[in-house]
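Please consult the sequence and the model alongside the text.

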Amino acid sequence: GDIFSLPSEVLLHPHILFVALSVVLLLVPTPLDLFKSDKIDNAYKIVEQTPFVVLPEPVKPLESEVTRLLEAAQRMKDNKKIERADKLYSQALQFAPNHPEILMQYAEFLEKEKKDVVTADSLYSKVLKRDPTNEAALLRHQINLPQVKAIDMQHYKAIEAKKHALSLIAPSNLAFRRAKREFYFQLIYHNNAIEGNTMTLSMTRSVLETGRAIGGQSIREHNEIIGMDAALHFLNGTMLAIDNPLEIQTILDIHTKLLGHVEPEYAGRYRTHQVYVGDFVPPKPEDVPA
């Protein structure tokens, strides 16, 4: 199979999850029927049916520094200094990434001043995860959802058109094959780099091409490269050859390939501890049905 036809998962706001998964899939040559409108509609149904996870986190009073940032951002906005206001709201959010007042103010700013409905909706959703009864956030989320879906579809159609143009290139084209292989090395390198792997792109390429270890680098970092390579080959050699719905066991199998040589005690299993993705706090293990 084609080594570049792969999906991915991102544990974020449901619509970011859907967009990220679809974009990663669409950026690489995959069978075009994977993205027929009925399958996209089914994916949206799953997203819309996903309940907001209520995290029992008390709302703490804003610190004086954060309050000053919000007040300064409001002044910049009133004076039409939009970029400066954006930076101030972003700084306030870094101080208190889960505070509903900051999330609501920043979301309203992004929606009205920057016309960034998608990011604004992700912030409204973050508020709703902690307080599903927040009427203001719920109203804006319901109003924005059709527009977010329309924007998503525009991106999907544009990427699918590029995929179609890419599929017209003959597989035997030497330049095309070299570009695909180089992209494969870069994909593995960047996926591991964002997780803290210190291997360079040339080191990653060497491990995959020669199967030899790099002096001075840890066994774990080598195994992270090997695991990513194994997971991608599993996706292309097994998953794409079977026209079945994506199932939980398939995801666990991918996780086993990815992490089996790095943390075998966790590979292919549901997590039992809290994890964090930047400022985002995923649901607690006990809140995830398994």
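Helices (H or I, at least four residues) and strands (E, at least two) are DSSP runs, numbered from the N terminus. The model is predicted, so that local features need pLDDT of at least 70 and side-chain atom pairs count only at pLDDT 80 or more, while totals for chains, interfaces and linings use all residues. Residues are numbered from 1 along each chain as its sequence is written, and side-chain values use heavy atoms, with hydrogens and water left out.

**Overall make-up**

The protein has 11 helices and 0 strands; from the N terminus on, its elements run α-α-α-α-α-α-α-α-α-α-α. Of its 290 residues, 35% are buried, where buried means under 20% relative accessible area, exposed over 50% and partly exposed in between (1.4 Å probe, protein chains only). A contact requires heavy atoms within 4.5 Å. Among contacts between residues at least 6 apart in sequence, 53% join residues at least 24 apart.

**Helices α8 and α10**

The axes of helix α8 (residues 174-193) and helix α10 (residues 219-239) come within 10 Å and cross at roughly 125°. This angle makes α8 oblique to α10. Axes are lines fitted to C-alpha atoms, for helices over the stretch in contact, with angles from 0 to 180 degrees between N-to-C directions. Angles under 35 degrees count as roughly parallel, over 145 as roughly antiparallel, 65 to 115 as roughly perpendicular and the rest as oblique. On the α8 side the contact is made by Tyr184, Leu187, Ile188, Asn191 and Asn192, and on the α10 side by Glu224, Ile225, Met228, Asp229, Leu232 and His233.

**Ser122 and His255**

Ser122 is found in helix α6 (residues 117-130), and His255 in helix α11 (residues 248-259). Ser122 counts as buried because its relative accessibility is 12%, whereas His255, at 29%, counts as partly exposed.

Leaving aside neighbours within four places in sequence, His255 is in contact with Gly260, Tyr266, Ala267, Gly268 and Arg269. The C-alpha atoms of His255 and Tyr270, 15 residues apart along the chain, are separated by 9.9 Å.
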